[in-house]
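Let's take a walk through this structure together. Have a look at the sequence and the 3D view first, and then we'll go step by step.

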Amino acid sequence: MLGPVLLAASRSDRMRRVVAAAPLTRPVVNRFVAGDELRPALDTVRALTARGLDVTLDHLGEGVTDRATAHATRDAYLRLLEALRDEGLGDRAEVSVKLSAFGQSLPGDGHDIALAGVREVAALATAVGTTVTLDMEDHTTADSTLAVLHELRRDHPRTGAVLQSYLFRTEDDARALAVAGSRVRLVKGAYQEPARVAFQDRREVDRAYVRALRVLFAGDGYPMVGTHDPRMIAIAQNLAARHRRAPDTYEFQMLYGVRTAEQRRLADEGMRMRVYVPYGADWYGYFMRRLAERPANLAFFLRSFGPGR
Ligand code: FDA
């Protein structure tokens, strides 16, 4: 019940100010976000990779409404990739991007502006020996995002996509993307979507997740299983065994700060486990989606508004 309220709040500037000003917001944010700056994020990457985990880094930001900020996003990713190159982390850390932070929703030529910006990022990623994955945002952006993917994959075939099982369209998209060299992260979906495009019932979303998993594991691509759900992880492991997939032909992915012990357990069992590490000052939307996913996170956070704090 609270999920939709929090997802609505994630788009409110007024709530953004209230949440940012709450005294104990920062410690709770720190559970999910690896710092406002690149340097602490790199410390986190080093600690995770030393522990046998791979990483995908997200420079936080979304819904950019002017060109200057879109260009600043591109520049932040170029600095990030240069740092990964300088630190020799290109084989362990890739980057995840939200195209709305590259200007996708700017009126008129937003799609082309985002494509031009992310193209530069993909070119440097290839030079550094790593990859870019295009996060998926709300359903209105899906066609544009998949078109950008298609363009990028011409020159950078390992560019990854994200599919959300709550969308009715996803099984078809999974079929189209289950081809050689194609990296696809399957998630359940984190945005508030209308009933005409998305399943509303969690059990339906789970069933759709399993259907898409089956398609991806049966295909020739590289499935990236983005979930913390033990049942989905077990099903993915069964599918990997059934299709005789070697451990380097798929991977698991989880969010920084969520089910950390399970992340380590899977890595220790020889699975490829990648942690999604967000950093940057624009953490509000990402943070609110994490609260919406889990009431226990919200209870922890609400205590920060308590008397005397
Ligand atoms: P589910 O929500 O059913 O949770 C299963 C269990 O995991 C819970 O019972 C709990 O134990 C634990 N858990 C889940 N979320 C938690 C949280 N926030 N805090 C603490 N425990 C939690 N979405 C999207 O729309 N576009 C995208 O590009 C991405 N990208 C992405 C990358 C990666 C690596 C991951 C793991 C997830 C995403 N997501 C995403 C988010 C995704 O859509 C989804 O909202 C969350 O992963 C939660 O769904 P689960 O599959 O974990 O299952």
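In which sense do strands β5 and β6 pair? Strand β5 (residues 183-187) and β6 pair in the parallel sense, over four bridges; strands here are DSSP runs of E with at least two residues, numbered from the N terminus, and two of them pair if DSSP finds at least two bridges between them. R185 has M224 in β6 as its bridge partner.

Before going on, keep in mind that this is a predicted model: local features need pLDDT of at least 70, side-chain atom pairs count only at pLDDT 80 or more, and totals for chains, interfaces and linings use all residues. Residues are numbered from 1 along each chain as its sequence is written, and side-chain values use heavy atoms, with hydrogens and water left out.

Back to β6, which spans residues 222-226: five of its five residues are buried, meaning under 20% relative accessible area (1.4 Å probe, protein chains only). Y222, M224 and G226 sit on one side, with P223 and V225 on the other.

Now for the ligand. Look for polar contacts, pairs of N or O atoms within 3.5 Å. A polar side-chain atom of K188 lies 2.8 Å from a ligand oxygen atom, and for Q164 a polar side-chain atom lies 2.9 Å from an oxygen atom of the ligand. G189 uses a backbone N or O atom, 2.7 Å from a ligand oxygen atom.

Key. Polar contact = N/O pair within 3.5 Å; in protein donor to acceptor, adjacent residues only side chain to side chain. Buried < 20%, exposed > 50% of the residue type's maximum accessible area, 1.4 Å probe, protein only.
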